[in-house]
Amino acid sequence: MIGETLFDRILIRAAGTILALLWIAPLAYAVWAAFHPAAYEARFDLLAPLTLENFYSAWSQAPFSRYFLNTALLVGMILAAQLVLCTLAAFAFARLDFPGKSFLFGLILVQLLVMPDILLVENYKTMRALGLVDTIIAIGLPYFASGFAIFLLRQTFMTVPKELDDAARVEGCSLIGVLWRVYVPLGKPAMLAFGLVSVSHHWNNFLWPLIITNSVETRPLTVGLSIFATTDSGTTWSVINAATLMTSAPLLLGFLLFQRQFVQSFMRAGIK
Amino acid sequence: MQISDIAIQIDRVTRAFDRNRALDEVSVPIRAGEFTVLLGPSGCGKSTLLRLIAGLDTQTDGTILIEGQDMRGTPPGARGLSMVFQSYALFPHLSVRQNILFGLAVRKTSRAVQAERLKRVAEMMGLGPLLDRKPSQLSGGQQQRVALARAVISDRPICLMDEPLSNLDAKLRADMRVELRSIQKQLGLTVVYVTHDQVEAMTMADRIIVMNGGRIEQVGIPEAIYARPETTFTASFIGTPPMNLFPASALFSGPANLTVGIRPEDLHLTDAGPRADLVGVEYLGADRLVAGQINGTPFVLRQPAQSPTPRDRFHIGWSQTAMNAFDATTGKRLHDFDFSSLSPNQKDFDHETA
């Protein structure tokens, strides 16, 4: 007989609690350090005075506003390009017949298996040839045609009943009309789920932007933060933590606010 | 018949999938304002033909004319027709109102016209209180009405229907048959209706097109299809139970290459005539179906439930006019066959068994 004894219950709850604490610890420390004077960096005192000084100091020491703008532009551009390109490609793979279809789809699946970091050098050469080094477009360009998005949306589109497609065509929709009025609305949960993965991935992406950018005008938050944290000998941990919190705050807040919708759309899209 | 009476002309249309011909040189006119039913078993090509008329598929060969215009290359939306699907094909993300107005919205009809037509159609279909619901909140019968409303609101002269009643329960299906027919009459629609259910075909059709194996077996009014089947396929497909087909030798000492068809209700018990063995009896309330065998050929006899149940061996009789003659090799009806040339089979089993 398999029953949950009191001991089991304590064990499971304890393990869960420990894992959660371990996971939250860095974030908790960042919050602690960011809101207290530098003197309390490594000293825990409940009565330590609270301050916003670290945020002012971080904001004034590096062009974070420009970094925010760059990241927002970058993430928005990548997401928009991915949704447009991959929706069109996925629709073609799901519902049109053309020669070489399965071979081309095979190539796209192969893209899922290749780690992007392997292509760093090759991508750099390409951007150089295009004259795009140190531009925001160059950071995003390699990610526009996402194999994952094409695959995910194709699978979603293939579940749309053929009769809906037929009905829309009889009612006078063109091919693009059918895509826009039938497939896109029915594919929304998958698009939302993908959008989330894409935004968080590119908000946090570091290695490629580090290599391809070298000026304040193009640098995203991640690169800006790392430069801020390493080069300047004068910066203190509390200021670095304040900067870290600032850069990750929009994502954290977004996830907390829309948690339920996110989980639902992930369940509907079938990705975890 | 004038050209203008023909809404859709199918002319030697073939649709091949790889080697396999779903439709094989089919030619048939479909008349304007009539309720035409494409009837046949699964895989006979009836749905394929409907999709070709709709423009959702393209024929391998042949032409389809709608109102005299060659439809090759014309997209479905420009063919002047509407369509009702088996699964209803309602858009799950749109409300009932948006579903009904879908076609008008695609065509950018003015809001005033949309509202006016929606009011009329919603009233006709009794959908008024449901307009703001989503399709998933409706029963099967209500979804069916929305699908019909979407076809009717387009004001197009031709309506194609692909087994629209097959997902409803028996009671609702009977009601919808009457309603569909009255809507068609009221609006003067040319309806092309695909079904494998002969009850639907018999009750609703002005004209039935019986199909089998990618070919047309017979075109005619329901009475003609039932009373004078042109082929043994039609004879054995129409009617529940269908027409009995006997090799002539089972009933007559006549020619070998002849099949004789007699409807179960045209057979009766007699004291003389060919002798049959009883196989089983099925009681249906008003009627009784008697399954028998005559010289190895199975048949069914329908008799009123009040009449006495036959014994293990019985004689069957029928009137001369109830007989249908078919060529045993081709299965085609022999139109001018003279039954008086045949002499009844007088094999007397009584002497063998006594």
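Analyst: The following paragraphs describe the cores and then their surroundings.

This is a predicted model, in which local features need pLDDT of at least 70, side-chain atom pairs count only at pLDDT 80 or more, and totals for chains, interfaces and linings use all residues. Residues are numbered from 1 along each chain as its sequence is written, while chains are lettered from A and ligands numbered from 1 in the order in which they are written.

A nonpolar core is a set of buried Ala, Val, Leu, Ile, Met, Phe, Trp, Tyr and Cys residues joined through C-beta atoms within 7 Å; buried means that 20 or more other C-beta atoms, placed from the backbone, lie within 10 Å of the residue's own. The largest such core has 96 residues, and B:Leu38, B:Ala149 and B:Leu160 have the most contacts inside it. Helix α4 of chain B (residues 140-153) supplies the largest share, seven residues; a helix here is a DSSP run of H or I with at least four residues, numbered from the N terminus.

Leaving aside residues up to four places away in sequence, B:Leu160 touches B:Leu50, B:Ile53, B:Ala54, B:Leu81, B:Met83 and B:Val192. Contact requires C-beta atoms, placed from the backbone, within 7 Å. A second, separate core has 18 residues, including B:Leu258 and B:Ile316.

Chain B is divided into domain 1 (3-232) and domain 2 (241-353), with bounds from an automatic or database domain assignment. The C-alpha centres of these two domains lie 39 Å apart. Their contact takes four residues from domain 1 and eight residues from domain 2 of chain B.

Note on methods:
Buried ≥ 20, exposed ≤ 12 C-beta atoms within 10 Å, placed from the backbone. Helix = DSSP H or I, 4+ residues; strand = E, 2+ residues; numbered from the N terminus. Contact = placed C-beta atoms within 7 Å.
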